[in-house]
Amino acid sequence: MFQFKFLNELNECLKTINDGGIILHPTDTVYGIGGNANDNNVTRKINQIKKRRLNQPLIHLMSDIEMVSYYVENISKTAIEFLTDSNPTTVIFSNTNDKNTSQKSIAIRIPSDNFCQSLIKELKHPLSSSSANLHGFEVPNSLEKIDNLIKHNVDYIVRTSKIFNNKPSKIIKIISDNEFKVIR
């Protein structure tokens, strides 16, 4: 078992991310592969590690609605309810704030995991993230079950003995203020 030293792990993650690196980290749903959402190379690096299309979009993990509002214009009550729901939910928005992102749409989740929340708050910007599995393979429920190819290609691993329920977040696409589509 690993002894989880919260502040040590947090500081190592911050240093790695600020240096342009990729981390393996716990979230509220599964282990994730993450990096600086404001670094254009992060998406490519993570997709390369996962063996998928290099430009495939990633989820942006954010700390709160205030951070979301920096990237999304006119967030509906429906979207806020999904983002703050106790069941982990990723929300896809197409009403992005053009001056703060060049993306036409953005997938956002506000994780409830304490470590993940602290990391995002300390970064003061979103964390791009994806599940820690090779493309097309099952999502592992613990650090020990993550493929060695992934472990050897990230710059830092948050070592925790946390076991996940292996259930990824629900995904909702916002169509209009009160209309949405369930993707997963």
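What joins strand 1 to strand 2? A hairpin does, through 4 residues. The model is a predicted one, in which local features need pLDDT of at least 70 and side-chain atom pairs count only at pLDDT 80 or more, while totals for chains, interfaces and linings use all residues. Residues are numbered from 1 along each chain as its sequence is written, and side-chain values use heavy atoms, with hydrogens and water left out.

The protein has 6 helices and 9 strands; helices (H or I, at least four residues) and strands (E, at least two) are DSSP runs, numbered from the N terminus. Its C-alpha atoms fill a box of roughly 45 × 30 × 30 Å along the principal axes. The radius of gyration, taken over C-alpha atoms, is set against a globule rule of 2.2 Å times the number of residues to the power 0.38. For 184 residues a compact globule would come near 16 Å, and the protein, with 16 Å, agrees. Of these 184 residues, 51% count as buried, where buried means under 20% relative accessible area, exposed over 50%, and partly exposed in between (1.4 Å probe, protein chains only). Contact means heavy atoms within 4.5 Å; among contacts between residues at least 6 apart in sequence, 65% join residues at least 24 apart.

The 9 strands form an open sheet in the order 7-1-2-6-3-5-4-8-9, with mixed pairing. Two strands pair if DSSP finds at least two bridges between them. Strand 7 and strand 9 (179-182) are the edge strands, each pairing on one side only.

Strand 1 (residues 23-26) has partners of both orientations. With strand 2 (residues 31-36) it runs antiparallel, joined by 4 bridges, and H25 stands opposite G32. With strand 7 (residues 156-157) it runs parallel through 2 bridges, where I23 has Y156 as its bridge partner. In a regular strand the side chains alternate between the two faces of the sheet. In strand 1 both faces are covered: I23 and H25 on one side, and L24 and P26 on the other, are all buried. Elsewhere in the sheet, strand 4 and strand 8 run parallel and are joined by 4 bridges; V91 is paired there with I172 of strand 8.

Strand 2 also holds N36. Is N36 buried or exposed? N36 is buried, with a relative accessible area of 14%. Leaving aside residues up to four places away in sequence, N36 touches I17, V42, H125, P126 and S128. A polar contact is a pair of N or O atoms within 3.5 Å; within protein, one must be able to donate a hydrogen and the other to accept it, and residues adjacent in sequence count only if both atoms are side-chain atoms. The side chains of N36 and H125 form such a contact at 3.4 Å, and the N36 side chain also reaches the backbone nitrogen of N38 at 2.7 Å.

Helix 2 (residues 40-50) starts with a side-chain oxygen of D39 within 2.9 Å of the backbone nitrogen of N41. V42, I46, N47, I49 and K50 are buried in this helix. K51 follows the helix with a positive phi near 65 degrees.

Helix 5 is mostly covered, with 7 of its 10 residues buried: F115, C116, Q117, S118, L119, I120 and L123. They pack against helix 1, strand 1, strand 3 (59-61), helix 3 and strand 6. D113 caps the N-terminal end, with a side-chain oxygen 3.2 Å from the backbone nitrogen of F115. Just after the helix, K124 takes a positive phi of about 65 degrees.

In soluble globular proteins, nonpolar side chains tend to be buried together. A nonpolar core here is a set of buried Ala, Val, Leu, Ile, Met, Phe, Trp, Tyr and Cys residues joined through side-chain atoms within 4.5 Å. The largest has 30 residues, of which V68, V72, F93, I108 and L119 touch the most other members. Its largest share, 5 residues, comes from helix 5. V68 touches M62, I75, L83, F93, I108 and I110, not counting residues up to four places away in sequence. A second, separate core of 16 residues includes I22, L24, L143 and I157.
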